[in-house]
Amino acid sequence: MTRPVPVLSDYDISPSHGFLALETPALRHPYYAKWEEVVRDLDALLQAKKLRHTIGHLPVLSTDYLETPAEWRRAYVCLTFMLNGYVWGEEKPEHRIPPPLTVPLLKVCRHWELPPIATYAGLCLWNHQHPVQGLPCPQPEDLVVSCTFTGTADEQWFYLISVAFEVQGAPVIPLMLDAIAAARTCNTVQVTRSLQRFAQHLEALTSLVDRMHERCDPKIFYHRIRPFLAGSKALGSGGLVYVDGATPPEAGRRYAGGSNAQSSLIQFLDLVLGIAHPSSSSSSSSCSSTGDSGFIADMRAYMPGPHRRFLEHVAQIANIRAFVEERGDALSELRAAYNACIDGMCVMRNVHLRMVARYIITPSRIAGADAQQQQQQRGDSSVAPLPASPQQKTVRGTGGTELIPFLSQIRNKTSRSRLPAVASARSRPPWITEPAARRGAARLSREKNQLATPVWLPPRIAWVDGGGGLHYYLLVLTASMAATVLVVVGYRTLEPNVSGF
């Protein structure tokens, strides 16, 4: 039995702000004042190297006074910011998490079905102060984040780009769910219009992502912000040991760090278009998968439970690509609209690749080169020399993947999802034979027509791909008083190049 189209409210999703929390106020109950004080002074405590001492002397608080969903969200934000600051706030990372963090954090994480580490939900979805409701198209400068590690405007801007991305992309969710419903009733017009609007949204979202450089300096991001976003996988095989003070400590847990791959909206865009990324070799409910092949699916374990289940629901009912393949011939508006969405996703991923190169790859190589130069200046022969291209092969994201190879693979897979702009044999009219098509292809190749408007051609029938784009001969019947003449009109459309930077 086919599952119904999901109801957004069943999954803690809004048609106006999507997966983003509508409000994330500070905890008002005086019982949790200590948490709010630490988070408010987080950057000062980190700079003074006093955060670990402060957290170690906090009381072990209960979660009994957390009542509303907003309070449970805020508790997760406070505790995970304190956690990552505690682990990464000094020169040597700390592996053991004390009871004042462990006890309430594990309970809050069970409530949200999230791992006890800073995730995209805590860093972005629930980490803003401005209510987004009522803003027609909020920009990053219209919003304010509530927690940062460094207190810098650069870190605020880094989170706010994602917050604005989520709220600006929210209308795509009901739009494409309606398209799925329309495809079920074979409403080609509505599906086409939905895809056209989707492509427009993608263009706006890409422009938003491309604004990162305006207020976030690559050096500040790489050296001051990014270290705090790492997960416990970066600690090696030991991971984090969560000590509750009541039971013997269990083995260390290994989690990925915060990553945009944990955005339910970004995964929704892929799912609804039928862009299939490599399936996970491990269960999507496991947070400790070690392989990169299933990274996209594994990242769902780092999403709030309702959002994860929503994506699972969408994956079961997504039908847009199949609908376009069945009903959209090579020249139809439907197929053109679908391919425009695929092109938009490719462009957005190209922008992301450029950002990664600017904010991570280049700074990592500069840092490695500087370290090598300092080593040479010291003349320390007891230390093995650094490689000529530091970290070139193993630069990893906070989620744990090898950045450029992984992101390039995702981009290329997206590009290959584009439907061919050539009619298949099954959709070619039966009176157009293969030999005729080949003759037409040779003719068009010789003539290399660059047709901006219809022109009259000799009366030869063909349905071909001339190599540089789609060529289609349309039969036109013209009549005069003397005779009826069959002629052919030629059109040519060029496919855009979306594979390069």
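From which helix does the largest share of the lining of the largest cavity come, and how many residues is that share?

Reply: This is a predicted model, in which local features need pLDDT of at least 70 and side-chain atom pairs count only at pLDDT 80 or more, while totals for linings use all residues. Residues are numbered from 1 along each chain, and side-chain values use heavy atoms, without hydrogens and water.

The largest share comes from H15, which supplies eight residues. The structure holds three cavities of 30 Å³ or more (sets of points on a 1 Å grid where a 1.4 Å probe fits but cannot get out), and the largest has a volume of about 910 Å³, counted as the space filled by probe spheres set on the points. Its lining (residues with an atom within 4 Å of a point) consists of 41 residues, with Ser259, Asn260, Ala261, His352 and Leu407 lying nearest the centre. At least two lining residues each are supplied by H6 (120–125), H7, H11 (264–273), H12 (295–298), H15 (333–378) and H16 (403–416), where helices are DSSP runs (H or I) of at least four residues. By class, 25 of the lining residues are nonpolar, 11 polar and five charged (Asp, Glu, Lys and Arg being charged, Ala, Val, Leu, Ile, Met, Phe, Trp, Tyr, Cys and Pro nonpolar, and the others polar).

One contributor to this lining, H7, spans residues 153–169, and its axis comes within 10 Å of that of H9 (residues 188–209), the two crossing at roughly 170 degrees (between N-to-C directions of lines fitted to C-alpha atoms over the stretch in contact, on a scale from 0 to 180 degrees). H7 and H9 are therefore roughly antiparallel, the term for angles over 145 degrees.

Notes: Angles under 35 degrees count as roughly parallel, over 145 as roughly antiparallel, 65 to 115 as roughly perpendicular and the rest as oblique. On a 1 Å grid over the protein atoms alone, a cavity is a set of points where a 1.4 Å probe fits but cannot get out, and a pocket is an open set with protein on both sides within 12 Å along at least five of seven lines; lining residues have an atom within 4 Å of a point.
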